[in-house]
Each structure stands twice: as C-alpha cells, then as structure tokens.
Amino acid sequence: MITPALPVSRATSDKSEYTASIDESITAWALAARGGDPDAVERFVRALHRDVVRYVAHLSADPQAADDLAQDTFLRALGSLHRFEGRSSARAWLLSIARRAVIDSFRHAAARPRLSDTRDWQVAVELAQPCGLPGFDEGIALLDLLAALPEDRREAFVLTQLMGLPYAEAAEVSGCPIGTVRSRVARARATLVGLLAEAEAPTALAA
C-alpha cells in the first residue's frame, strides 16, 4: 500500500525525518508504478519534477534546455522502472538518471559551437531556499555565490544543502565516496561564508 499523499507542510523540526518520510512515499510510488499503477506514476512524476528540473538546470550548460532534459529524464526512468528494486531511494535513482541525461546532452552538443560559456543559475535559485548561511536575507545573490564555486563542490552543495539529499544518496548520484561529498560540502560552505563576509564588509564599514 502506498502513502496517499505527500505531507503538505513540515510537521516536525527534524528535517532528516521529514525528508526520509517523503522519500519513503516517493519510493513506494515508484515501486507501485513499476507494477503498472497509473496513479502512482502520476504521483511519482509530480513529486520529483521540481527536483529534476532544478538539478539539470544546475548541471546543464544550457539552462534553457532544463525542461527538455527533465522530460528526457522521466522518459528514461519510466522506461527503466522494471529494473528499479527500491534498494536506494527513488529520488537518488532518478537524479542518477538525470545526471546521465545531461552528460549525454553534452556529448550530443560537443560538435556544435557554443555562443556562451555562462551558466544561468536563475532557475535553480528560484526553486531553492537558502539553508542556514547568513546574509541571504539581506539581498546577496545566491546565484553569484554558487557561480564562484568549483563545479564538483557546487554540485555537492546543491544536492545536499538545496535539494536536501542525504550525503550517502548525494554520493550515489555523483558517483564518488560519501567522504568526498562531505569534504566538498564543507569546503563549499567555507567558501560561501567567506564570500558573504567579503560582500558584507563594505556595508559594515559604511555603517
């Protein structure tokens, strides 16, 4: 039996417990969808669509293609549901597919000339809420701060701090050891805090 609906609000202060509860529901829907339940398919897609769009917008060099990449991800996932056994959360499994979809898009576009190497973080930032770092409520742009991070640290930070994945699942998605993810997140946070301090320094001096 699958959970009838996702929680509509955070009824507990324990974020990890809340995330685990959602992941259990989503994984149950994925398993039910594998068995041919059309309602479960709809709930599974609806529950994870925002996460997939946010993640591919982060990874893709062409953020305008985020919706197409998300659609490709779900098409791949639904075609592979018969192989999903629930050994990891459905969200981690789906984000791994999203990562491969983006990599394949890079390969497909490799022969075409690029007009710009600038990555647009607006989509990811609009869909994400800042998680615990000071200064975001004072108008400092998260997209500018994230753009300053090395790509591997940025991915680890987005997965764990903005999307809420446990470190173990972020490691599974990224294809690296959990200790590496922890190190990347710690370094990313240190860099972001330093950048925030630099950004706020002129205001403090003026005051």
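Me: At its relative accessibility, does threonine 27 count as buried or exposed?
Reply: In this predicted model, the relative accessibility of threonine 27 is 11%. Buried means under 20% relative accessible area. Threonine 27 therefore counts as buried.

Me: Which residues does threonine 27 touch, not counting residues up to four places away in sequence?
Reply: Threonine 27 has its place in helix 1, which covers residues 15-34. Leaving aside residues up to four places away in sequence, the residues that threonine 27 touches are Phe84, Gly86, Ser88, Ser89 and Ala90.

Me: Which residue forms a salt bridge with aspartate 39?
Reply: Aspartate 39 is partly exposed, its relative accessible area being 35%. The closest N and O atoms of the pair are 3.2 Å apart, and the cut-off is 4 Å. The partner of aspartate 39 in this salt bridge is arginine 43.

Me: About how many helical turns separate aspartate 39 and arginine 43?
Reply: Both residues are in helix 2, residues 38-59. They are 4 residues apart there, so the separation is about one helical turn.

Me: How far apart are the closest N and O atoms of aspartate 51 and arginine 91?
Reply: Aspartate 51 is buried at a relative accessible area of 9%, and arginine 91 also counts as buried, at 7%. These two residues form a salt bridge, and their closest N and O atoms are apart by 3.3 Å.

Me: How many residues apart are aspartate 51 and arginine 91, the pair that links distant parts of the chain?
Reply: Aspartate 51 lies in helix 2, while arginine 91 lies in helix 4, residues 90-109. Their salt bridge links parts of the chain whose separation in residues is 40.

Me: Where are aspartate 72 and arginine 76, which are separated by about one helical turn?
Reply: Aspartate 72 and arginine 76 form a salt bridge with closest N and O atoms 3.3 Å apart. Aspartate 72 is partly exposed at 26%, and arginine 76 is partly exposed at 28%. The two are 4 residues apart, and they lie in helix 3 (residues 66-80).

Me: Which residues do salt bridges that share partners join into one network?
Reply: Salt bridges with shared partners form one network. Its members are Asp23, Asp51, Arg54 and Arg91.

Technical notes: Residues numbered from 1 in each chain as written. Predicted model: local features only at pLDDT ≥ 70, side-chain atom pairs only at ≥ 80, totals over all residues. Heavy atoms only, no water. Salt bridge = Lys/Arg side-chain N within 4 Å of Asp/Glu carboxyl O. Buried < 20%, exposed > 50% of the residue type's maximum accessible area, 1.4 Å probe, protein only. Contact = heavy atoms within 4.5 Å.
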